[in-house]
2 protein chains.
Amino acid sequence: MKESLDFIYKEQKELSTFGGIAALLGWDQMTHMPKMGAAERSEQGALISRLSHDKVISDNFWKHIQILLKNLDNLSEKDKAVVTRLVKDVEKSRKIPSDFVERMSRTTTLSYQSWEDARAKNDFKVFAPHLGKIINLEKEYCDYIKLPGPKYNTLLDDYEEGMTVDVLKKEFSFLKTNLVDILQKIMSSETYSKQEKIDIKVDKEKQKKLSQIIFEKMHLPNEKARIDVSTHPFTTSIGIDDVRITTNYDRDSPLFSFFSTIHEAGHALYELGMPGEEFKYTVISDSPSLGLHESQSRFWENNIARSMSFWKYFYSIFQNTSGYSYSNLDNWYKLINQVRPSLIRVEADELTYCLHVILRFELEVDLMDDKIKVDDLPQLWNEKMNDMFGIIPKNDVEGLLQDMHWSGGSIGYFPTYAIGSIYSSQIHKKISEVNANLETEIEQGNFQNILNWLRENIHKFGRLMTADEIIKNACGEGFNSKIFVDYLKNKYFSLYGV
Amino acid sequence: MKESLDFIYKEQKELSTFGGIAALLGWDQMTHMPKMGAAERSEQGALISRLSHDKVISDNFWKHIQILLKNLDNLSEKDKAVVTRLVKDVEKSRKIPSDFVERMSRTTTLSYQSWEDARAKNDFKVFAPHLGKIINLEKEYCDYIKLPGPKYNTLLDDYEEGMTVDVLKKEFSFLKTNLVDILQKIMSSETYSKQEKIDIKVDKEKQKKLSQIIFEKMHLPNEKARIDVSTHPFTTSIGIDDVRITTNYDRDSPLFSFFSTIHEAGHALYELGMPGEEFKYTVISDSPSLGLHESQSRFWENNIARSMSFWKYFYSIFQNTSGYSYSNLDNWYKLINQVRPSLIRVEADELTYCLHVILRFELEVDLMDDKIKVDDLPQLWNEKMNDMFGIIPKNDVEGLLQDMHWSGGSIGYFPTYAIGSIYSSQIHKKISEVNANLETEIEQGNFQNILNWLRENIHKFGRLMTADEIIKNACGEGFNSKIFVDYLKNKYFSLYGV
């Protein structure tokens with residue numbers, strides 16, 4: 001048993017080392033790599049993936065896990081937690097044939113290229129046959145894993161363990177009805193009819209300064225974290241003490257780099273808050289779900305940094321650093337919380353964002369259930385856009401070619417963005433209840449108590465519980481979109497005087 | 001045989017993929033990694049080294065190499081070259097026990113820390129016991145490999161295949177006598193007595209622009225190469241189409257970043273010029289020696305970029321870009337070629353640089369021969385400094401703690417710097433002979449013919465020949481320090497009017 005324990009810890013350590021190497025290969029590719037390095041980079045990534053996967057599914061690893069599983073009652077609480085978690089992960093991986101992993105990898109590489117090509121030609125038809133192949137591979141994958149219920153449950157489970165189509169359909173349907181309703185109320189308000197488009201220019205160097213200021217203010221230590229530039233912002237962990245975020249200073253508005261820095265910094269704080277000494281380099285030291293991860297980024301981005309209290313603190317810093325000044329704090333607060341139906345998910349406001357996600361969720365579920373075909377997507381996309389937002393894209397790039405997710409085989413991923421928004425509002429409600437001084441602290445730029453609460457109630461558990469269990473434990477109840485709707489009504493009805 | 005050939009090419013490809021990954025881990029550590037990432041980074045590097053080393057010394061690899069070796073006459077010229085090269089490399093690696101590799105790695109990690117510690121305390125005694133252990137391990141290493149002649153031959157051979165103590169003693173002794181003689185002549189000149197210290201300030205952003213201009217002018221394509229910042233400049237290959245150099249803009253003079261960029265760009269051009277399609281991802285696609293690699297950097301840095309012709313072209317660009325202006329081109333040319341005895345190797349001028357190298361070579365040979373002890377080093381260092389330069393360091397940091405090489409176990413490395421200078425002067429002489437328009441081309445900033453010659457006569461051979469053979473083939477004669485001495489006399493006697 002001692003031998004088996006030593007072995008599984010050694011193997012997890014190496015898997016985590018491989019994970020860090022893979023993260024560096026990916027980070028560098030997105031931030032600094034010269035363009036022509038791409039071909040060899042994909043070989044480098046593939047080699048590490050293969051070595052890592054071979055290790056996970058090796059019979060020897062499985063043998064030692066089985067020995068420990070039979071002796072579970074004799075293990076310490078810590079070892080028990082690790083073995084229980086490990087057996088689930090490895091069992092799942094062992095169900096997937098190696099040739100499938102390779103076929104999927106080859107298909108997504110070609111599919112990503114065709115997606116880029118389709119975007120350049122502004123023509124979904126270029127991408128459609130590849131998406132068809134991806135959908136078929138996803139179905140094959142579901143047949144290997146075979147979770148109960150619709151196939152889509154299996155895909156969801158990879159990102160959001162335990163989440164089902166049934167639960168999401170119920171919560172998203174409630175959410176959709178309410179979001180559309182709130183949006184329509186807003187759009188019929190006088191404030192809305194008068195609102196002007198955001199038009200702010202701040203030069204790159206000043207945007208960088210703003211990002212650095214808020215990064216440090218959020219307690220991200222420079223000796224463990226850094227900010228770089230990439231086309232699409234992301235967060236990655238290269239080691240337990242080496243977490244990196246990216247942003248982009250070249251977008252239309254400097255608000256993009258500012259809020260995306262805060263968003264990614266929220267992810268980074270979570271990564272740096274994973275269970276430490278005891279569980280480091282084990283399967284426990286990770287997030288139990290992408291939804292919970294997203295709750296950490298959205299909490300900081302929306303619940304904190306789009307609040308009036310935050311801007312009471314940061315308005316003058318923003319003005320002084322950017323050299324940009326606006327009429328007054330009230331108008332600025334309204335400006336950065338502007339609602340407007342829009343075509344592009346990543347540019348959507350806090351209110352309408354989840355509608356973009358629900359649209360994709362509905363299409364994905366029906367695709368996996370064979371209720372719709374890939375070729376139907378352009379028409380369905382437009383119908384749904386029209387139903388929810390009252391607008392339709394002029395072309396495919398503004399429509400169903402806007403996200404890269406499908407080209408990479410990430411079907412079932414989109415819902416986690418909306419789950420994150422729901423969880424973050426639940427966390428926000430709870431923190432407001434337990435800390436009577438919350439708004440005052442935010443007004444003073446003091447985020448220490450907020451971070452402490454997140455560390456104690458969310459971060460430190462890693463994968464010791466599911467996301468839903470962690471939220472229930474922290475907030476008193478599990479996944480509940482009603483709290484998110486209440487938060488939105490409260491905030492936006494007041495903003496738009498409706 | 002077909003199976004063995006396929007196997008050895010597959011293995012070399014993977015070894016080269018591991019090499020690229022290791023290079024990225026190292027590059028990132030020196031350029032961007034947050035400080036606290038160091039501990040895990042060393043695990044990541046160690047894992048890749050171990051996997052790579054295990055592959056090289058695996059019995060299966062050796063078996064296939066042996067099969068091919070027995071059938072050498074039936075192989076194509078290309079395969080023959082690869083197998084012949086491979087067998088030498090693998091045979092050497094297989095002589096080293098794995099436990100030795102681990103002991104060496106552990107010792108150098110501690111030794112590097114003690115070197116840093118010793119520098120902080122400005123006390124060689126802190127580092128001395130670690131250096132003693134390194135020397136013992138180096139001796140043990142030599143006993144495994146056992147090349148003929150003094151132990152130091154074995155160390156030299158790792159960096160400069162085929163080079164021996166006998167050859168170096170002869171060439172370096174001639175070189176030293178001449179360098180000291182030239183230096184003394186210069187120091188007794190009137191020009192020397194009047195020369196002022198270099199005192200130029202150019203802000204960072206302008207230094208960056210200068211580096212970028214010369215980088216592109218030297219035909220380094222941005223889609224395959226980039227410049228970053230690190231404490232000490234270096235070049236690394238992350239892939240055959242992804243080569244990176246670094247420089248540093250925070251030194252005393254902007255000439256440091258300018259010339260070090262050119263130096264590293266010379267290395268990078270060599271890396272990008274390695275034998276292409278046919279030999280890529282094989283043991284052939286590499287430099288046969290560090291000396292030859294260094295010849296490429298020194299050729300561009302000294303023979304080209306410290307020449308009058310170069311500054312006829314670049315003087316106005318330098319002034320316009322830096323915003324710094326000097327009295328006139330003649331004085332500027334004298335300024336950047338100033339000779340002065342100095343304590344620090346990496347800050348030495350073109351003339352005195354090799355004396356610093358010879359000093360270290362003499363000490364290393366005697367250490368390995370047990371003629372001197374580690375504890376004798378401080379006194380011997382000062383004596384030699386006094387003999388060659390007429391100055392002695394005030395403390396250990398200015399003396400024998402200045403270089404990190406010994407702490408990393410790189411004994412036998414220093415000579416390659418001087419070998420590079422000698423080779424570069426041989427190359428310069430040959431290029432001048434074959435291209436009557438050379439100086440005119442340089443004056444016009446046209447480096448294409450120079451690069452073409454290097455590609456055709458040096459780069460494209462990779463490891464198909466030894467460094468000495470490549471030089472003999474390209475320049476008509478092998479390693480010869482006399483050509484270097486002639487070049488220096490010609491240049492510096494004229495500069496100092498002696």
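This briefing describes a helix pair in chain A and a sheet with its covering helices in chain B. The model is predicted, so local features need pLDDT of at least 70 and side-chain atom pairs count only at pLDDT 80 or more, while totals for chains, interfaces and linings use all residues. Residues are numbered from 1 along each chain as its sequence is written, and chains are lettered from A and ligands numbered from 1 in the order in which they are written.

**Helix pair in chain A**

- Helix H10 (residues 204-217) and helix H11 (residues 254-272) of chain A pack with their axes 9 Å apart, at an angle of about 25°; helices are DSSP runs of H or I with at least four residues, and strands are E runs of at least two.
- H10(A) is therefore roughly parallel to H11(A), a term for angles under 35 degrees; axes are lines fitted to C-alpha atoms, and angles run from 0 to 180 degrees between N-to-C directions.
- Among the contacting residues are A:Leu210 and A:Ile214 of H10(A), and A:Phe258 and A:Ile262 of H11(A); contact requires C-beta atoms, placed from the backbone, within 7 Å.

**Sheet in chain B**

- An open sheet of 3 strands in chain B has the order S1-S3-S2 and mixed pairing; two strands pair if DSSP finds at least two bridges between them.
- Strands S1 (225-229) and S2 (235-239) of chain B stand at the edges, each with a single partner strand, so one side of each has no neighbour in the sheet.
- S1(B) runs parallel to strand S3 (residues 242-247) of chain B, joined by 5 bridges.
- B:Asp228 has B:Thr246 in S3(B) as its bridge partner.

**Helices across the sheet**

- Helix H1 (residues 2-31) of chain B lies across S1, S2 and S3 of chain B, at about 135° to S2(B).
- Helix H11 (residues 254-272) of chain B also lies across S1, S2 and S3 of chain B, at about 165° to S3(B).

How values were computed:
Parallel < 35°, antiparallel > 145°, perpendicular 65-115°, else oblique. Contact = placed C-beta atoms within 7 Å.
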